[in-house]
Amino acid sequence: MKRAIPVVALSIAGLIPVWRYEPSIGGTTSATAESATPESATTPSAASTTASGTSSGTVVKGTTVNTDKGPVQVQVTFSADKISAVTMLQQPNHPQTTAAVPVLISETLKAQSADIDTVSGATITSDAYKESLQAAIDAKG
């Protein structure tokens with residue numbers, strides 16, 4: 001009987017964090033308002049690679065990469081042969097992804113390639129980002 005009270009108390013104390021845990025909801029995505037298109041909204045699993053010339057450079061969309069957290073797709077703007085901007089068209093709605101995206105974009109602009117480091121805590125998103133980015137770079141040719 002002397003052990004029962006501490007065992008019950010510690011068991012309850014150990015379960016409280018489990019009860020309070022709020023898991024991320026996989027599959028939800030957030031897209032920027034300027035880049036949300038009916039094509040990407042209706043068929044997120046379709047791999048789309050398009051290129052178009054604009055006055056500020058060539059804009060190329062990478063493939064949509066489906067992950068356990070949600071789809072990832074980038075859009076790359078090239079000025080001549082340099083990457084001048086990267087925009088996330090689709091990304092998982094997750095705090096770690098939200099924190100990782102600016103780092104990934106910054107590293108891409110520095111490296112001028114998809115050969116960048118994975119962001120700790122957002123490995124799945126980082127790998128999908130690099131895959132979509134490489135597809136956009138390859139499509140630019």
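**Reading strand S5 and its surroundings**

Student: Let's start with the pairing: how many bridges join S5 to S6, and do they run parallel or antiparallel?

Tutor: Seven bridges join them, and the two strands run antiparallel. Strands pair if DSSP finds at least two bridges between them. The elements themselves are DSSP runs numbered from the N terminus: helices are H or I with at least four residues, strands are E with at least two. Keep in mind that this is a predicted model, where local features need pLDDT of at least 70, side-chain atom pairs count only at pLDDT 80 or more, and totals for chains, interfaces and linings use all residues. Residues are numbered from 1 along each chain as its sequence is written, and side-chain values use heavy atoms, leaving out hydrogens and water.

Student: Which residue in S6 is the bridge partner of Val76?

Tutor: That's Val86. S5 and S6 also make a hairpin with two residues between them, and Ala80 in the turn has a positive phi of about 60°.

Student: Which other strands pair with S5?

Tutor: S3 (residues 57-61) does, antiparallel over four bridges, with Lys61 opposite Gln75. S4 (residues 65-66) pairs with S5 in the antiparallel sense too, over two bridges, and Val65 has Val72 as its bridge partner. The S4-S5 hairpin has four residues between the strands, and its Gly70 takes a positive phi near 145°.

Student: Why is S5 largely enclosed by the rest of the structure?

Tutor: Buried means under 20% relative accessible area, exposed over 50%, partly exposed in between (1.4 Å probe, protein chains only). Eight of the nine residues of S5 are buried, so the strand is largely enclosed by the rest of the structure. For the chain, 34% of its 141 residues count as buried.

Student: Which residues touch the most other members of the largest nonpolar core?

Tutor: In soluble globular proteins, nonpolar side chains tend to be buried together. A nonpolar core is a set of buried Ala, Val, Leu, Ile, Met, Phe, Trp, Tyr and Cys residues joined through side-chain atoms within 4.5 Å. Here the largest has 21 residues, and Val74, Val76, Val86, Met88, Tyr129 and Leu133 touch the most other members. Strands S5 (71-79) and S6 (82-92) and helices H3 (95-111) and H4 (123-140) each give two or more residues to this core.

Student: What does Val76 touch, leaving out residues up to four places away in sequence?

Tutor: With contact meaning heavy atoms within 4.5 Å, Val76 touches Thr58, Val59, Val60, Ile83, Ala85, Leu133 and Ala136.

Student: How many salt bridges does the structure hold?

Tutor: One. The test is a side-chain nitrogen of Lys or Arg within 4 Å of a carboxyl oxygen of Asp or Glu. Glu107 and Lys110 form it, their closest N and O atoms being 3.7 Å apart. They both lie in helix H3, three residues apart, about one turn of the helix. Glu107 is partly exposed at 30% relative accessible area, while Lys110 is exposed at 62%.

Student: Which residues make the nonpolar surface patch?

Tutor: Val8, Ile12, Leu15, Ile16, Val18 and Trp19 make a patch of about 600 Å². Such patches take residues with over 30% relative accessible area and no salt bridge, joining nonpolar side chains (Val, Leu, Ile, Met, Phe, Trp, Tyr) within 5 Å. Areas come from the Shrake-Rupley method with a 1.4 Å probe. Val8 lies in helix H1 (residues 4-20) and is partly exposed, at 48%.

Note on methods
Patches are made of residues with over 30% relative accessible area and no salt bridge: like charges are joined within 9 Å, nonpolar side chains (Val, Leu, Ile, Met, Phe, Trp, Tyr) within 5 Å.
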